[in-house]
Amino acid sequence: MKYAPVAIQDAGISVYNTHLYRQRHQGKYKAYQRYYRDFEQAGADEIAREAARRQALFLQWATEKSPWYAPYRGKALHEFPILEKEQLLAHMDQIRTIEEHEGIVSLTGGTTGASMKVIYHPEDMQERFALKDHFRSRYGYKLGCRVAWFSGKSLLRPADLASGRIWRDDHINKIRFFSTFHIGSQYFDAYWRALQDFQPDYIVGFPSSVLDLCAMAEERGLRYNGKVDTFFPTAETVLPVHRELIPAVLGCRVVDQYAASEGAPFILECPEGSLHIHPLTGVFEVVDEAMQPAREGEILVTSFTTRGTPLIRYRIGDRISLAPDDYRCPCGSCFPVVKHIEGRTADFIWSPQNGKVNLGNISNSTKDAEGIICFQIVQEAPDAVNVAVMANPRFTPEQRQNFLHALSLRLGQGMRIELNVVDHIPREASGKFRIVKNRLSPDAMRPLVQG
């Protein structure tokens, strides 16, 4: 298929996507849309009862049908063991409740290690898309709107790059899929022209890819000539710079969601800008490094829509920070509010002076430095980091010093920082972009923890 003429590829993508949409939108899809719509403004007591009912049914299903969980039949959620990724990889045959041919297989991108495979029960997939579509419909989206999609699919051949054909089209469902592996100054004109020609109503995909495109447009003094209503980011942490630059260039809202490929419960942004945990999709336990309850820290997820591969207290590798319990969002929802989605637990730099410096703190170091398009910081030694920066001419020696000073404040004066301006920073095999890559072993950090 990859070597077929482009028109044939577009036709194949259109037919395949239509098959997927039919698969996701059949069965109980419409019933689940009504279910989530009806509970949208329910009271706290009604939500709590329904969440408890769903949790009990899910734990009963898992302990009756999964050999891995059978020993915990009748136990309360907190009595279940924490499920590590290594266990999910090694013991899938014991954990899953259905065969692959009975369900829908989903593969994660494998950004920080091996790709994860989970098997969804078809009804769970229908429920997840019913909620996702209901959520996006609050911002006017429906299937058939024109969508530009930036995700980690390998789409292109060398001949496509030479001709500037850096996308593939789903003509049936009005979706243009853009490659995220080639967004750079060399191909900027092709991307910008293709986006302008397509005139999408919505954009979906990696925020880092859309940010890079917008940063290069800003550098050239360009503004999008059209109307993008909303950008729905996926798969990466949304940072303040995404919310500032993307709307400035594209004229759109940025509306966030969290729901990992493994099947985590949902966190959805409301029209008032708050991030709400949806309690009918599962449980988020926030824990500190000792695995004790905390307001800010790593999350253990129990997802009610993972009956094919039950995820119970699964250590998914992400962090969040909760808003105070007494905070009430102006939108009127009683759903719990998340103050920040902080990204992956591995996305930190270890500082001999300051300990863990997380992604959000590092990303803010660009605030007083002009001209940075994007950067990546890699740590391979406890006292040194390498920083690669893609920049425009405004990144003067003075701005370089501002950036280095901001990094030094965060990483400590004892950290050696080597900064190089580069033309391109490669993405991961999944197509995602990682600002922080910590390659230290636990042993390399242990002396610093103790001393």
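How many aromatic pairs does the count come to? In this predicted model, the count comes to 18 aromatic pairs.

**Figure 1. Tyr 202 and Phe 232 form a stacked aromatic pair.** The ring centres of Tyr 202 and Phe 232 are 6.0 Å apart, and their planes make an angle of 15°. Tyr 202 belongs to strand E6 and Phe 232 to strand E7 (residues 230-233), so the pair ties together parts that are 30 residues apart in sequence. A pair of aromatic rings is described by two values, the distance of the centres and the angle of the planes.

**Figure 2. Six strands form an open sheet with mixed pairing.** The order of the strands is E4-E5-E3-E6-E7-E8. Strand E4 (167-170) and strand E8 (253-254) each have a single partner strand and stand at the edges, so one side of each is left without a neighbour in the sheet. Strands of a sheet pair through backbone hydrogen bonds, in either the parallel or the antiparallel sense.

**Figure 3. Strand E3 and strand E6 pair in the parallel sense.** Four bridges connect E3 (residues 147-151) with E6 (residues 202-205). Opposite Phe 150 stands Gly 205 in E6. Helix H1 (residues 6-25) lies across E3, E4 and strand E5 (175-179). The helix runs at about 50° to E4.

**Figure 4. Seven strands form an open sheet with antiparallel pairing.** Here the order is E9-E10-E11-E15-E14-E13-E12. Strand E9 (257-258) and E12 are the edge strands, each of which pairs on one side only. Within this order, E15 stands between E11 and E14. Strand E14 (residues 314-322) runs antiparallel to E15, to which five bridges join it. Ser 321 has His 340 in E15 standing opposite.

**Figure 5. Strand E11 pairs with strand E10 and with strand E15.** Strand E10 (residues 267-269) and strand E11 (residues 275-277) run antiparallel and are joined by three bridges. Glu 269 has Leu 275 in E11 as its bridge partner. E11 also pairs in the antiparallel sense with strand E15 (residues 337-344), over two bridges. In that pairing, Val 337 in E15 is the bridge partner of His 276.

**Figure 6. The largest cavity has a volume of about 150 Å³.** How many cavities of 30 Å³ or more does a search of the whole structure find? The search finds one. Helix H6 (122-137), E10 and E11 are the elements that give two or more residues to the lining of this cavity. The largest share of the lining, three residues, is that of H6. In total the cavity is lined by 15 residues, and those nearest its centre are Glu 40, Arg 138, Leu 268, His 276 and Phe 335. Sorted by class, the lining consists of seven nonpolar, five polar and three charged residues. His 276, one of the residues nearest the centre of the cavity, is also the bridge partner of Val 337.

**Figure 7. The second largest pocket has a volume of about 630 Å³.** Its lining comprises 29 residues, among which Ile 277, Pro 279, Cys 334, Phe 335 and Pro 336 lie nearest the centre. Helix H3 (44-65) and strand E12 (282-287) are the elements that give two or more residues to this lining. Which element gives the largest share of the lining of the second largest pocket? H3 does, with six residues. By class, 22 residues of the lining are nonpolar, three are polar and four are charged. Phe 335 is among the residues nearest the centre of this pocket, and Phe 335 is likewise among the residues nearest the centre of the largest cavity.

Note on methods:
Residues are numbered from 1 along each chain as its sequence is written. This is a predicted model: local features need pLDDT of at least 70, side-chain atom pairs count only at pLDDT 80 or more; totals for chains, interfaces and linings use all residues. Side-chain values use heavy atoms; hydrogens and water are left out. On a 1 Å grid over the protein atoms alone, a cavity is a set of points where a 1.4 Å probe fits but cannot get out, and a pocket is an open set with protein on both sides within 12 Å along at least five of seven lines; lining residues have an atom within 4 Å of a point. Grid points are joined across faces, edges and corners, and a volume is the space filled by probe spheres set on the points. Ala, Val, Leu, Ile, Met, Phe, Trp, Tyr, Cys and Pro count as nonpolar, Asp, Glu, Lys and Arg as charged, and the others, Gly among them, as polar. Two strands pair if DSSP finds at least two bridges between them. Contact means heavy atoms within 4.5 Å. Axes are lines fitted to C-alpha atoms, for helices over the stretch in contact, and angles run from 0 to 180 degrees between N-to-C directions. Rings of Phe, Tyr and Trp (its six-membered ring) pair if their centres lie within 6.5 Å; planes under 30 degrees apart count as stacked, over 60 as edge-to-face and the rest as tilted.
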